[in-house]
Amino acid sequence: MLESAENWLTEVKNIAVLGAGTMGHGIGQVFALAGYDVMLYDIDDAILQRAMARIDSNLDVFIENGLATEEAKQRALSKINTTTDLATAVGEADFVLEAIPEMLELKQKTFHDVERMCREGTILASNTSSFTISDIGALCQRQDNLAIAHWFNPPHIVPLVEVVKGPKTSPQTVECICALLDKVGKKPVRIMKEVAGFLANRMQMALFREACSLLERGVAGAEDIDTAVKASFGFRLPTIGVFETMDLAGLDTVLRVAEELFPDIENSIEVPRLIRELVRQGKFGAKTGEGVYQWPKQKLDALIRERDRQFLQRLKQLYLDKA
């Protein structure tokens, strides 16, 4: 049985991050920047080398935007060790965060192996965006120490982490994870029931479905749809959430608009044809150079730089300056 979150947090020293790809390297950076010793694990040294290079570059961007100093960067880098040996990664860990590919059998085996290799009181969390902790931890004996901790890309910038309780997850485990995330500057939300997609992805997928429908029907082009999102409710959302917006608009007004629009809004349970067809053609988006848009390297690099610059300024204004 875990102790109180406050007591547990004082004893946490070592963090293990399993998977050093898109999410794992940024997660490791967050903990290292907060002063924790991090073991970053992956199956290939080349992946780990790329991860460390990306962390180095990320920290330079933090420095450029006034969110870190050169001294803090070097201190954070010194806190990260890498390994391709799973037992080495988790043997001394107080908290393990799994961020390996979204394959259920692989995650189940990893959790089963990690449980045997780590100390009894270690909390094991998954960054999965699609599976339940009940499924991932099905082979584990100590399921009270298991939970989901779902981060958002880029994880070293986006504040939210969804902490999802499974049927056998202890309340102490949830509170310990939330306390740790609070300490490293994240914004945890507690999800007390297992539901596919958790909170944010369910709402985001509903938006994706409607956007694809509007594009397929020829109502508007992709650029205009994106602009409509960014320059309207997307502009509001960092400051006022969904229910705050509803209350400010007036629930009587929301009711009248909903009665008019809901019958016409896309409600299919099928994946949009647009997405299936683009994937069939091998157009996966930025990773292949083309998706809904074309992504030459220069355009993609410029977008990522501008995205991160704006995200960091928003992070500083909305969260860090109020801490």
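**View 1. Helices α9 and α14 pack together in this predicted model.** Two packed helices are described by the angle between their axes and the distance between the axes. Here the angle is about 80°, and the axes lie 8 Å apart. Angles of 65 to 115 degrees count as roughly perpendicular. Helices α9 and α14 are therefore roughly perpendicular to each other. Helix α9 covers residues 200-216, and helix α14 covers residues 273-280. On the α9 side, C212, L215 and E216 make the contact. On the α14 side, R273, L274 and I275 make the contact. By class, the contact has 4 nonpolar, no polar and 2 charged residues.

**View 2. Eight strands form an open sheet.** Strands of a sheet pair through backbone hydrogen bonds, either parallel or antiparallel. Which strands sit at the edges? They are β3 (80-83) and β8 (187-191), and each pairs on one side only. Neighbouring strands of the sheet are turned by 25° against each other on average, direction ignored.

**View 3. Strands β6 and β7 run antiparallel.** Strand β6 spans residues 146-151, and strand β7 spans residues 160-164. How many bridges join β6 to β7? There are 4. Across from H150 stands E162 in β7.

**View 4. The loop between β6 and β7 holds P154.** Most residues other than glycine have a negative phi, and most peptide bonds are trans. The peptide bond from N153 to P154 is cis. Its omega is near -5°.

**View 5. F198 has a positive phi.** This residue is found in the loop between β8 and α9. The phi of F198 is about 60°, although F198 is not a glycine.

**View 6. The structure holds 1 cavity of 30 Å³ or more.** Rolling a probe the size of a water molecule over the atoms shows where empty space is left. The largest cavity has a volume of about 40 Å³. Which residues line the largest cavity? They are E115, C118, E120, T122, L124, R142, N145 and L146. By class, this lining divides into 3 nonpolar, 2 polar and 3 charged residues. One of the lining residues, L146, also belongs to strand β6, which covers residues 146-151.

Key. Residues are numbered from 1 along each chain as its sequence is written. This is a predicted model: local features need pLDDT of at least 70, side-chain atom pairs count only at pLDDT 80 or more; totals for chains, interfaces and linings use all residues. Side-chain values use heavy atoms; hydrogens and water are left out. Two strands pair if DSSP finds at least two bridges between them. Helices (H or I, at least four residues) and strands (E, at least two) are DSSP runs, numbered from the N terminus. Axes are lines fitted to C-alpha atoms, for helices over the stretch in contact, and angles run from 0 to 180 degrees between N-to-C directions. On a 1 Å grid over the protein atoms alone, a cavity is a set of points where a 1.4 Å probe fits but cannot get out, and a pocket is an open set with protein on both sides within 12 Å along at least five of seven lines; lining residues have an atom within 4 Å of a point. Grid points are joined across faces, edges and corners, and a volume is the space filled by probe spheres set on the points. Ala, Val, Leu, Ile, Met, Phe, Trp, Tyr, Cys and Pro count as nonpolar, Asp, Glu, Lys and Arg as charged, and the others, Gly among them, as polar. Angles under 35 degrees count as roughly parallel, over 145 as roughly antiparallel, 65 to 115 as roughly perpendicular and the rest as oblique. Contact means heavy atoms within 4.5 Å.
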